[in-house]
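Hi there,

Here is the structure I promised to send over.

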Amino acid sequence: MAAATATIITTMTGITMRNGLHRVQSLAFLRLQSWLSPAFPTGSYSYSHGLEWAVEAAYIKDRKSLVEWLEADLCYGSGRNEAIFFGEAWRSARDNDRVKLFEIAELAASYRGTSEFALESSQQASACRSALRQVWPDRLLESLSQWLSEHNVPPALAVILAVRSAREDIPVGLALPAFLQSYIANLVTAGVRLIPLGQTDGQLAIAALENAILAASARGRNATMDDLGSAAFMVDLASMAHETQYTRLFRS
């Protein structure tokens, strides 16, 4: 077996990868899966991130064009920035640096190119935060929620999930790619409904994006807020056009 290949060892108390990159308690791993599951009540299924307009305009018409669109978003657009926010928020939560965390949360809330992107982020984050506070309460998340409310700052999903992942001692090298995988899987599901594609084509699209997810995660976990930026202009334009699209299934 090559040195870079990881073997997962599962015990009653934790999950370790043999190459030493990750160690996470089994209970925390289960919770991460719950938070990123389609069953978790964030309402993610009602958002397409502008895909609905891109399909109507024929920019996305098959699996290949869907993969290319989402890969561009991961490398140059919203996905790239979400990875950076997640990594920065995770480190701040790990270090219990509340000043830095609040700064990141405020910037993440404002870093939205369109009104629908702002709605997509804040609505999902609010629903996620509400469920977490009721089922898995945490003092740092409570402090962040209070600060957001006092300063009238909407929450960002990447920040909320990064905080809870760090507080569960889930390594960012595991939590961040899992978060981006969930982000992409939701958009692929939207594409399956809109283009339309078959379920197998949807899974092939997700598989084709694995390397892009890992690359975006690797960049995001080491990046800082100075690295924020987007060059995926068509994704932003698609979101703007979606605001006035006549027939719509999705909220963004």
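Below is what I found, going from the whole protein to single residues.

A word on the basis first. This is a predicted model, in which local features need pLDDT of at least 70 and side-chain atom pairs count only at pLDDT 80 or more, while totals for chains, interfaces and linings use all residues. Residues are numbered from 1 along each chain as its sequence is written, and side-chain values use heavy atoms, with hydrogens and water left out.

**The whole protein**

The protein has 12 helices and three strands. Both are DSSP runs numbered from the N terminus: helices are H or I with at least four residues, and strands are E with at least two. Along the principal axes, the C-alpha atoms fill a box of roughly 55 × 50 × 35 Å. The radius of gyration is 18 Å, which agrees with the value near 18 Å that a compact globule of 252 residues would have. That radius is taken over C-alpha atoms, and the globule rule is 2.2 Å times the number of residues to the power 0.38.

Of the 252 residues, 52% count as buried. Here buried means under 20% relative accessible area, exposed means over 50%, and partly exposed is in between (1.4 Å probe, protein chains only). The protein exposes about 12,300 Å², and carbon and sulfur atoms supply 54% of that area. The areas come from the Shrake-Rupley method with a 1.4 Å probe; for residues, only the protein chains shown count as cover.

Helix 4 covers residues 78-94, and its 17 residues reach 24 Å from first C-alpha to last, close to the 24 Å expected at 1.5 Å a residue. The expected span is 1.5 Å times one less than the number of residues. Of these 17 residues, 15 are buried, so helix 4 is largely enclosed by the rest of the structure. Just after helix 4, Asn 96 takes a positive phi of about 55 degrees.

Helix 7 has 12 residues and reaches 16 Å, close to the 16 Å expected. Its buried residues are Leu 140, Leu 141, Ser 143, Leu 144, Ser 145, Trp 147 and Leu 148. Which helices do the buried residues of helix 7 pack against? They pack against helix 4, helix 5 (98-110), helix 6 and helix 8 (157-167).

Pro 137 lies in the loop that runs from helix 6 (115-135) to helix 7 (139-150). At 58% relative accessibility, Pro 137 counts as exposed. Leaving aside residues up to four places away in sequence, Pro 137 touches Leu 132 and Arg 164. Arg 164 is 27 residues from Pro 137 along the chain, and their C-alpha atoms are separated by 9.3 Å.

Leu 36 is found in helix 1 and, at 18% relative accessibility, counts as buried. Apart from residues up to four places away in sequence, Leu 36 touches Leu 161, Ala 178, Phe 179 and Ser 182.

Ser 46 sits in the loop between helix 1 (26-36) and helix 2 (51-56). Ser 46 also counts as buried, at 16% relative accessibility. With residues up to four places away in sequence not counted, Ser 46 touches Phe 250, Arg 251 and Ser 252.

**Backbone details in the loops**

Most residues other than glycine have a negative phi, and most peptide bonds are trans. Some places here are worth a look with that in mind.

- Ala 58 has phi near 70 degrees. Ala 58 lies in the loop between helix 2 and helix 3 (63-76) and is partly exposed, with a relative accessible area of 46%.
- Asp 169 has a positive phi of about 60 degrees. Asp 169 is in the loop between helix 8 and helix 9 and is exposed, with a relative accessible area of 58%.
- The peptide bond from Ile 195 to Pro 196 is cis, with omega near -10 degrees. Pro 196 is in the loop between helix 9 (172-194) and helix 10 (199-208).

Note on methods. Contact = heavy atoms within 4.5 Å.
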